[in-house]
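Subject: Structure for you to look at

Hello,

Here is the structure I promised to pass on. Please open it beside this email and follow along.

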Amino acid sequence: MAGRKRKMLAMAVAAAAPEQQAHKQKNQTEVKRKLSPAKLKEPVQGGKHTPSAETERSHYFTKTDQQHRLGQDFFNQPCISLAKAFLGKVLVRRCEDGTELRGRIVETEAYLGGDDRASHSAGGKRTERNAAMFMKPGTIYVYPIYGIYLCMNVSSEGEGAAVLLRSLEPLQGQPLMRQLRAARRKEGARQLKDKELCNGPSKLCQALNIPRCFDRRDLVSDPEVWLERDPNTSPAQPCDIVSAPRVGIESHGEWAKKPWRFYLRGHPCVSVVNKEAERQSQSGYVMNALDVQADTGQHNVKKT
């Protein structure tokens with residue numbers, strides 16, 4: 001009797017199997033219809049959807065950003081070399097609403113750390129304030145001056161070395177830059193000209209809304225601030241770059257005379273023009289060029 005019941009149960013299960021399979025396939029079809037095409041493309045692990053590389057990528061990055069954004073190799077160079085290489089590059093600041101502010105770097109200063117008595121990291125002293133200067137090249141170092149203004153630096157090769165960004169040429173978002181600068185000025189003050197928006201280290205931080213919390217961020221990967229090469233301009237040539245003493249460090253004696261401030265010759269957005277340095281750098285470049293031509297036999301110059 002028991003054997004007969006088991007046989008009848010087995011026949012009932014077999015008869016129900018096609019119907020259950022059909023019901024299962026129907027449910028799977030309905031689930032797929034509810035999922036978006038993006039979800040259907042996500043790899044599945046352990047029965048759960050795992051975000052793909054495409055969905056994990058920040059919405060801040062576009063193909064254009066990745067194409068022109070400067071990577072680790074660019075920042076990984078000696079401080080003075082990096083300070084010159086910055087000239088002509090574009091600093092980009094993406095705001096919370098997606099608005100992008102852009103400015104071309106036209107003036108920098110190099111602070112070498114170690115023996116450079118004018119550097120915040122002089123003597124190799126590392127503190128909570130200057131820690132970013134000792135981090136990998138491309139790290140942002142933001143510090144306050146006079147208790148109310150900010151300056152933005154970028155670390156380079158070398159223990160405690162960093163480059164101060166002194167001036168920018170506004171390229172995109174000037175109306176917003178003007179609003180950000182006006183918020184820190186006296187009521188009723190005249191409207192700033194474009195060339196006045198970012199022509200100073202604290203001014204550019206105001207105009208691009210660079211806050212104190214950007215300290216120690218990485219320009220290589222940060223979604224809110226980065227550097228780009230300008231595909232529409234050629235790199236600055238030696239004859240375009242003026243080497244002059246740094247500004248505002250007169251109390252540091254001989255270190256104040258080091259020609260480690262670099263700016264684009266004749267650019268209207270430079271914060272401080274040094275005519276003597278321009279004459280010296282121009283004559284030095286001409287003499288060097290003549291020497292090179294003489295060495296290559298391209299110019300008949302008598303060398304003494």
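Keep in mind that this is a predicted model. Here is what I found in it.

**The overall picture**

The protein has 304 residues, and 38% of them count as buried. Its secondary structure comes to 9 helices and 10 strands.

**Arg246**

Start with Arg246. Find the loop between strand E9 (241-244) and strand E10 (261-264), where Arg246 has its place. Is Arg246 buried or exposed? Its relative accessibility is 3%, so Arg246 counts as buried, the cut-off being under 20%.

What does the side chain of Arg246 meet? One partner is the side chain of Asp116, in a polar contact of 2.8 Å. The backbone oxygen of Trp255 is another neighbour, 3.0 Å from a polar atom of the Arg246 side chain. Now set aside the neighbours within four places in sequence. Arg246 is then in contact with several residues, among them Glu109, Tyr111, Ala118, Lys258 and Trp260.

**Salt bridges**

Side chains of opposite charge can pair when their charged atoms come close. How many salt bridges are there in this model? The count comes to 19. Here are some to find on screen.

Asp116 and Arg246 form one of them, with their closest N and O atoms 2.8 Å apart. Asp116 lies in the loop between strand E4 (100-111) and strand E5 (140-145), while Arg246 is in the loop between E9 and E10, so this pair ties together parts that are 130 residues apart in sequence. Asp116 has 1% relative accessibility, so Asp116 counts as buried. Arg246 is buried as well, as noted above.

Next, look at Lys136 and Asp218. Their side chains meet in a salt bridge of 2.9 Å, N to O. This pair also links distant parts of the chain. Lys136 is in the loop between E4 and E5, and Asp218 is in the loop between helix H8 (201-207) and strand E8 (225-228). They are 82 residues apart. Which of these two is buried, and which is partly exposed? Lys136 is partly exposed, with a relative accessible area of 42%. Asp218 is buried, with 16%.

Then find Glu100 and Arg94. Their side chains meet in a salt bridge of 2.3 Å, N to O. Glu100 and Arg94 are both buried.

Finally, some salt bridges join up. Arg93, Arg217, Asp222 and Glu224 are linked in a network of them.

**The largest pocket**

Now turn to the largest pocket. About 470 Å³ of space lies in it. Which residues are closest to its centre? They are Tyr111, Tyr143, Ile145, Leu164 and Val247, out of 25 residues that line the pocket.

Several elements give two or more residues to the lining: E4, E5, strand E6 (149-155), strand E7 (162-172) and H8. E5 gives the most, with 4 residues. What kinds of residue make up the lining? It divides into 15 nonpolar, 7 polar and 3 charged.

**Where to begin**

Trace its salt bridge to Asp116. Then move on to the pocket, with Tyr111 among the residues closest to its centre.

Best wishes

How values were computed:
Residues are numbered from 1 along each chain as its sequence is written. This is a predicted model: local features need pLDDT of at least 70, side-chain atom pairs count only at pLDDT 80 or more; totals for chains, interfaces and linings use all residues. Side-chain values use heavy atoms; hydrogens and water are left out. Buried means under 20% relative accessible area, exposed over 50%, partly exposed in between (1.4 Å probe, protein chains only). A polar contact is a pair of N or O atoms within 3.5 Å; within protein, one must be able to donate a hydrogen and the other to accept it, and residues adjacent in sequence count only if both atoms are side-chain atoms. Contact means heavy atoms within 4.5 Å. A salt bridge is a side-chain nitrogen of Lys or Arg within 4 Å of a carboxyl oxygen of Asp or Glu. On a 1 Å grid over the protein atoms alone, a cavity is a set of points where a 1.4 Å probe fits but cannot get out, and a pocket is an open set with protein on both sides within 12 Å along at least five of seven lines; lining residues have an atom within 4 Å of a point. Grid points are joined across faces, edges and corners, and a volume is the space filled by probe spheres set on the points. Ala, Val, Leu, Ile, Met, Phe, Trp, Tyr, Cys and Pro count as nonpolar, Asp, Glu, Lys and Arg as charged, and the others, Gly among them, as polar.
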